[in-house]
Amino acid sequence: MTSTTWVKRLAIAVFWLAAWQLAAWAAGNSLLLCGPLDALGALAALLPQGAFWESLGCSLGRIAAGFLAAAALGCLLGAGARAWPLVGDLVSPLMSVVKGAPVVCIIVLLLVLLGSSQTTIVAVALVVAPPFYASVREAAAVRDPGLDEMLQVFGVGRARRLAAVRWPQAAPFLRAAAGTAAAMAWKAGVAAELLGLPASSIGEQVYLAKLTLDTPGIVAWTAVAVLMGWLSEKLVMALLGALENAPRRWLAHRVRRAQALGDEVGIASPVERSRVICPKPDDAGQAVADSCIRGVGAPTRPAGADTAALPAPIG
């Protein structure tokens, strides 16, 4: 990121903070609208308190549990709906209802059914599951089945096909869903806590600040929730980005290992070195491995292969 971009972002932040302070001065009453300095002072007073970190940790645990459970469930349902159309026919209407229903109404129903302790987790899960369900279905729809079948013919195992082909194709869709769902999880989680008031939670602290008309405290806790949502989004995006590139790094490591081994034992032929990575006795498998070793150009069509074209090397 260039220095010009940083200066631009800083100028925008200063502009909105100044507008906020001017609005607070115009209101003339901190109970109605506090300024940014008042909110910053309230946040600074909260940081040394053990109750602050306890509430933050408990809320983080509940929201993270709901997010992870919903991500796994959404991915499984999306894959199942793509593999078996009947599953899609059954699950899609439910996902449409969950997406369209107001979050507050869902939370109230959950409070009646489950009580306050479990409502946050389930509410977060219901908000997060639909984006992952839709992203997996979209990723499966654009997947090239011919490439997967060709690799199966060449003897590439199911696990390696999943890591090297299917996962890189699906990862961009999952990253988009995760980025949206991470922020939504904190919004739904804090709203559920505010209505259900579970012990040691951000929602409970916001409610207590409202009872005492502590407007700076309300703004401070709101800023904490917004910051945690932003950090969660960045963390999830970074993790998925790292996992997206992991198969390519693994293949590059295998290629370097084969080249180093070939140099040690005096193997000059790329085809011979390819056996270190993809041991395959037939010509088709050796052609694919040879293309991976060279790392340039498209693989040549091996003799006797029925496939019209082979994929470009991963690198």
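User: How many salt bridges does the structure hold?
Analyst: The structure holds one salt bridge. The term means a side-chain nitrogen of Lys or Arg within 4 Å of a carboxyl oxygen of Asp or Glu. This is a predicted model, where local features need pLDDT of at least 70, side-chain atom pairs count only at pLDDT 80 or more, and totals for chains, interfaces and linings use all residues. Residues are numbered from 1 along each chain as its sequence is written, and side-chain values use heavy atoms, with hydrogens and water left out.

User: Which side chains meet in that salt bridge?
Analyst: Those of Glu193 and Arg62, at 3.5 Å from N to O. The pair links distant parts of the chain. Glu193 sits in helix α8 (residues 158–196) and Arg62 in helix α3 (residues 50–83), 131 residues apart. Helices here are DSSP runs of H or I with at least four residues, strands are runs of E with at least two, and both are numbered from the N terminus.

User: Is Glu193 buried or exposed?
Analyst: Glu193 is buried, with a relative accessible area of 0%. Buried means under 20% relative accessible area, exposed means over 50%, and partly exposed lies in between (1.4 Å probe, protein chains only).

User: And where does Arg62 fall, buried or exposed?
Analyst: Arg62 has a relative accessible area of 15%, so it counts as buried.

User: What else is Arg62 in contact with?
Analyst: Leaving aside neighbours within four places in sequence, Arg62 is in contact with Ser117, Thr120, Ile121, Glu193, Pro198, Ala199, Ser200 and Ser201. Contact means heavy atoms within 4.5 Å.

User: Ser200 is on that list. Where is Ser200 found?
Analyst: Ser200 is in the loop between α8 and α9 (202–211). Its relative accessible area is 19%, so Ser200 is buried. Apart from neighbours within four places in sequence, Ser200 is in contact with Glu54, Ser55, Cys58, Ser59 and Arg62.

User: Now α9. Which residues of α9 are buried?
Analyst: Ile202, Gly203, Gln205, Val206 and Ala209. Seen down the axis of α9, they fall within an arc of 165°, so they line one face of the helix. The arc is that of the directions from the helix axis to the C-beta atoms.

User: What follows α9?
Analyst: Leu213 follows α9, and its phi is positive, near 55°.

User: OK, α1 and α2. At what angle do their axes cross?
Analyst: The axes of helix α1 (residues 3–27) and helix α2 (residues 36–46) cross at roughly 100° and come within 8 Å. Axes are lines fitted to C-alpha atoms, for helices over the stretch in contact, and angles run from 0 to 180 degrees between N-to-C directions. The two helices are therefore roughly perpendicular to each other. On this scale, angles under 35 degrees count as roughly parallel, over 145 as roughly antiparallel, 65 to 115 as roughly perpendicular and the rest as oblique.

User: Which residues meet there?
Analyst: Leu17, Trp20 and Gln21 in α1 meet Pro36, Leu37 and Ala39 in α2.

User: Which residues of α2 are buried?
Analyst: Pro36, Ala39, Ala42 and Leu46 are buried. Their arc is 125° seen down the axis of α2, so they line one face of the helix. On the other side of α2, Leu37 and Leu40 are exposed.

User: Switching to α5. What is the span of α5?
Analyst: Helix α5 (residues 103–114) has 12 residues and should span 16 Å at 1.5 Å a residue. The expected span is 1.5 Å times one less than the number of residues. The end C-alpha atoms of α5 are 16 Å apart, which agrees.

User: And which residues of α5 are buried?
Analyst: Ile106, Ile107 and Leu110. They cover an arc of only 100° around the axis, which puts them on the same side of α5. The face turned away from that side carries the exposed residues Val104, Leu109 and Val112. Gly115 follows α5, with a positive phi near 90°.

User: Last one, the whole chain. How many helices and strands?
Analyst: The protein chain has 12 helices and zero strands. Buried residues make up 36% of its 315 residues. Of the contacts with a separation of 6 or more, 62% are between residues 24 or more positions apart.
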